[in-house]
Amino acid sequence: MTDIPAPRHIPDRLDKPLRSAIFSWEALLVVVAVAIFAINSFASPYFLDPYSLSDLTFNFTEKGLIAFAMALLIISGEIDLSVAAIIALASTMMGMAVQAGAGTPVLVLIGIVVGLGCGAFNGLLVTRLGLPSIVVTIGTMSLFRGIAFIILGDQAYKGYPSSFAFFGQGYVWWVVSFELVLFLIAAVVYWFLLHRTSFGRRVFAIGNNPVAAQFSGVRVGRTKFILFCLTGLMSGIASVLITSRLGSTRPSIAQGYELEVITMVVLGGVSILGGAGSILGVVLAAFIMGLVTFGLGLLNVPGIVMSIFIGLLLIIVIALPIVWRRLRGGR
Amino acid sequence: MKAFLKYREIWLFAAIVVLIGLISTRFPAFADPGNLRQVFNDTSILMILALGQMVVILTRSIDLSMASNLCFTGMVVAMLNAAHPAIPIPLLIVIALAVGLVLGAINGLLVWRLNIPSIVVTLGTLTIYRGATFVLSGGAWVNADKMSPDFIGFQRAAFLGIPVLSWIAILVIGLFFVLMTRTALGRSIYAIGVNPTASVYAGIDVGRTKFIVFCISGMIGGLSGYLWISRYVIASVEVANGYELNIIAACVIGGISIAGGIGSVGGAVLGALFLGIISNALPVINISPFWQMAISGSAIILAVVLNARGERQQGRIILRKVEAVT
C-alpha cells in the first residue's frame, strides 16, 4: 500500500519445507478451528446438529466468497475497502430492476455486471492514475454507497420473485446450501488460480517486488486491474446471495462487511504487506469466523460482543508465531 | 521553494472559499460570519480527530480504532458523570485523555513490540474497543437526562463569543502545529514517513516513535470521546460507528499522503473543514443529506488524484527547510 516497498515477508516454506509443513500457518488455523469446534459442541447442545451446522455456513459463505478475491488483491499489495459498498450498489440496482418487473436471470446478471463495473472503476483509478488503493477505495466506498443512498433514501426495495430466493435460501442436497456449494467451488477455482497458474505466480511476484516484477515482464498494471475486477465480481455475486437471502434491499445492507472480509483474509495468513498467503488459509479462517460467531450466537452472546472475540482472535493468532519465535530466541 | 511548500494548503483553502461562495449563491446567509463560526464549531471534533490521525499516517501507519476509542471513552466519562455528577469537568477531561491514552498505548505496544502491521492491529482493536463498550454499558444508553448540566454545558459555554469547543479545537491545532514544526519528535515523525531505514541510521528509534504516535492518537480519540458525547448528549455502542473512515477521508482531502511523510497541520484542518462545510451546507441549500456520502466520496477521489499529481512532481521530500539551511 506504500509506494516504496517495505521489506517483504518471504514465506518460511521456501527455506525449510519439512518443519514449516508442521508449524505452518494452516496447521495453526486447523488447531484453532478444531478447538473452537470442540468448545462449541460442549458449550451448546444444539451445535452438533446437521441443520444447525448448515445454518452455520451462512455466517461466512458470502464474506468468504469476497475474501478469496480480496486475498489475491492483498497478496498483490493492494486493498479494496469498497466491497460492502459495491454490494449495496448492486443490490440497489437489482431492486430497481425488480420494480421494473425484471425476472431472476436478469437480476443475477445485473448483480454481476454492476459488481464487475464497480471493480473495474476501482481498478482503472488505481492502475491508470497510479493512486494508492486504500484511499481510492475509501473514496469509492463513500461514492458507491452514496449512490445507493441517493436512489433509495430511507426506503427499501421488496418484491423479489420467489425463484430468486433460491440463491440465498436454497439447498442443493439435504442440508448442503447453494451458498456453501458456491463457496467450495470458488475455493477450488481460486486455489487453482493462485497456486497452480502463472497468473497466481505473477500475483505473488507483484506483491513481493512490483518493480522487479515489472522488469521481469509482468504487466503489473493489467494484473492489478484484473484483480480489482475479480474483487468487484465476487462482491456482485455476494450481493445476489445476500439480497436473495434477505429478500429486500436497504442502503445500509452489508454495512461493515469490508473490515470482516479483510479480517478473514489476514487471519488466513495473508500478509497485509503483500507477497505471501494461501487460499487454504482463507478457507480455514472463514470456517473459524463462522464457528466463532455461530457458537457465540447459540450461547446468546450479542453480535457486538462476538466482534471482541473476532478482534482478539485476529491479534492473538497474528501475534502467536511472533511471540513463539521470540521465546525460542530466534531474534 | 517555500511558496511551493504552501501550494497544497493554498489550493485547498481556495477550494473551500469557492465552495462557500457557491453555497452562498443559493443561500446568502451561509457566508455570514456567525454561520461560519457555527460551521467551525460543528467541525471541531473532526478537525481534532484528523490531527490525531495525521501523525499516525505520517509515520506510514494507520489507526482504524480511533472511532471505537472515542465510543469507549465517551461511554466511560458518560457513565462516570451519571454515577458521580460531582466530578468536575476538567477532571473528567483528564480521565478521558488517560483512558484514550491507555487504548492508544495498547495499539502502540502491539505495533512496536510485536511488529504487527498497524492496519491489522487497529482492525482488531476497532472491534474489541467497540465490543468493550457494550460489555461496559451492558448495551444500555446514557441519555441527556442522566448527564449533569455541567457535563453538557461546558463545551457550549461561550468565551469571547466563541464556544469552548471551538477554543479546544484551536488549542489542539496550536499544540499540533508546535509539535510538528518546532520539536524533534515532529521532525522524527516526518523522517520516519519519508524513509524509515534512513531514520534508523539517523538515530531515530522508529518503533518507539510509532508507539508515541499511537499514544497521541489515542489521547485525541479519548478527548473527542468526551466532546462527542457532551455535544450529541447520548452515549451508546453505536456512537461514531464507521467514523474512522471519515477521519481518514479528512486527512486524505487535506493532502496527507497515505504512504507517509507528506502532510501538514493546516492540511488536516482544511480537509476536515471541507467535509464539515459539505455536511453543513446540504440541508441549507435543499439538497437531500442522502447526497452527502456520494459528494464526499467524489471529493476524496478528486483530492487523491490531485495529490498524486503533486507528489509525483515534488518527489517525496518534506524537510525542505532543513535542506535549504544545509
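Author: What follows is a set of questions and answers on one chain, on the contact between two chains, and on some single residues. This is a predicted model, in which local features need pLDDT of at least 70 and side-chain atom pairs count only at pLDDT 80 or more, while totals for chains, interfaces and linings use all residues. Residues are numbered from 1 along each chain as its sequence is written, chains are lettered from A and ligands numbered from 1 in the order in which they are written, and side-chain values use heavy atoms, with hydrogens and water left out.

Reader: What radius of gyration does chain A have, and what would a compact globule have?

Author: The radius of gyration is taken over C-alpha atoms, and the globule rule is 2.2 Å times the number of residues to the power 0.38. For 331 residues a compact globule would come near 20 Å, and the value for chain A agrees, because it is 20 Å.

Reader: How much of chain A counts as buried?

Author: Buried means under 20% relative accessible area, exposed over 50%, and partly exposed in between, with a 1.4 Å probe and protein chains only. By that rule, the buried part of the 331 residues of chain A is 55%.

Reader: How large is the area buried between chain B and chain A?

Author: The size of an interface is often given as the accessible area lost when the parts come together. Buried area is therefore the accessible area (1.4 Å probe) that two parts lose on being put together, summed over both. Carbon and sulfur atoms give 83% of the area between chain B and chain A, and the whole is about 3,700 Å².

Reader: How many salt bridges does the rule find across the interface of chain B and chain A?

Author: A salt bridge is a side-chain nitrogen of Lys or Arg within 4 Å of a carboxyl oxygen of Asp or Glu. Across the interface of chain B and chain A, the number found by this rule is 0.

Reader: Which element gives the largest share of the side of chain B that touches chain A?

Author: Helices (H or I, at least four residues) and strands (E, at least two) are DSSP runs, numbered from the N terminus. The elements of chain B that give two or more residues to this side are α5 (89-113), α6 (118-137), α12 (243-253) and α14 (292-314). The largest share, 14 residues, comes from α6(B).

Reader: Is α12(B) mostly covered or mostly open, and how many of its residues are buried?

Author: The buried residues of α12(B) include Tyr243(B), Glu244(B) and Leu245(B). The helix α12(B) is mostly covered, since of its 11 residues the number buried is 10.

Reader: Is Ser61(B) buried or exposed?

Author: Ser61(B) sits in the loop between α3 (33-58) and α4 (66-83) of chain B. Because its relative accessibility is 5%, Ser61(B) counts as buried.

Reader: What is the phi of Asn115(B) near?

Author: Asn115(B) belongs to the loop between α5 and α6 of chain B, and it is exposed, with a relative accessible area of 52%. Its phi is positive in a residue other than glycine, with a value near 60°.
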